[in-house]
Amino acid sequence: MLNIVIFGAPGSGKGTQSELIIKEFGLDHISTGDVLRAELKAESELGKIANDYITKGQLVPDELIIDMLAKVLDSKKVSKGVIFDGFPRTIPQAEALKKMLNERGTDVTLMINLHVDEEELINRLLERGKRSGRSDDNIDTIKSRLEVYHSQTAPLAEYYIKEGKHHAIEGVGTIEDIFGLIKEQINATING
Ligand code: AP5
Ligand code: MG
């Protein structure tokens, strides 16, 4: 199985690149942000709880996210593998993911860390905010999301470096060029 963690700050292109990776490698896609927004739309209990965190740009508590992820994973008949987008975001989430995958006889194959400078991230998210309808695409929430990313999520890079799975990719440029770099890295890992 090919299990990829796509990692990076808000607006770094995780969702955009996931779509291209899925097309090329035939993987299933799990975006915890998308799952939470679907829960919100369905007005579920989890959706209501999550909404407060999302609107403030904070992380939804680990227990809720890990439980949700396990259910989504079990609901999929995964064949080739999964791209995890926006998960894990904390060390406990990374440990839970490893355990969940190990129990299913597999593991994370590689982690792709998209590097994008802060000014570009803010510009992309403000631009998207004009039409996304996302409650977190406004300047105040964007700033909180970036702070939370630096304090709670960025340290995860170290976790994957220790696992020997971390691959940094320059995330500024055309979507196609960035995908080219990602594809090269995935192929090198598979064939390595
Ligand atoms: P989530 O939905 O994961 O949002 P995020 O991490 O803030 O990132 P985005 O989805 O905004 O950006 P992206 O990296 O996917 O970039 P995209 O491809 O869209 O999480 C939202 C919230 O849910 C969190 O704040 C938290 O509250 C909660 N949550 C989710 N997961 C959680 C977890 N595991 N634990 C706890 N809480 C969790 O691109 C952005 C824009 O840029 C787009 O408009 C795109 O068209 C454009 N773009 C993309 N690539 C390029 C390029 N190369 N050049 C120019 N523009 C580009
Ligand atoms: Mg996204």
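In the predicted model, an oxygen atom of ligand 1 lies 2.5 Å from an N or O atom in the side chain of Thr-16, a polar contact (a pair of N or O atoms within 3.5 Å; within protein, one must be able to donate a hydrogen and the other to accept it, and residues adjacent in sequence count only if both atoms are side-chain atoms). Arg-89 also takes part through its side chain, with an N or O atom 2.5 Å from an oxygen atom of ligand 1. Ser-12 contributes a backbone N or O atom, placed 3.3 Å from an oxygen atom of the ligand. On its own, ligand 1 has 1000 Å² of accessible area, and the protein covers 88% of that (Shrake-Rupley method with a 1.4 Å probe).

As this is a predicted model, local features need pLDDT of at least 70 and side-chain atom pairs count only at pLDDT 80 or more, while totals for chains, interfaces and linings use all residues. Residues are numbered from 1 along each chain as its sequence is written, chains are lettered from A and ligands numbered from 1 in the order in which they are written, and side-chain values use heavy atoms, with hydrogens and water left out.

What surrounds ligand 1? The shell holds 30 residues, and the closest are Thr-16, Thr-32, Gln-58, Arg-89 and Arg-128 (a residue is near if one of its heavy atoms lies within 4 Å). By type, these shell residues divide into 11 nonpolar, 11 polar and 8 charged; Ala, Val, Leu, Ile, Met, Phe, Trp, Tyr, Cys and Pro count as nonpolar, Asp, Glu, Lys and Arg as charged, and the others, Gly among them, as polar. At least two shell residues come from each of helix 1 (14-25), helix 2 (32-41), helix 6 (118-132) and helix 9 (175-191), and helix 2 gives the most, with 4 residues. Helices (H or I, at least four residues) and strands (E, at least two) are DSSP runs, numbered from the N terminus.

Phe-87 and Pro-88 are joined by a cis peptide bond, with omega about 0°. Pro-88 sits in the loop between strand 3 (82-85) and helix 5 (91-103). Glu-43 is not a glycine, yet it has a positive phi of about 55°; its place is the loop between helix 2 and helix 3 (45-56).
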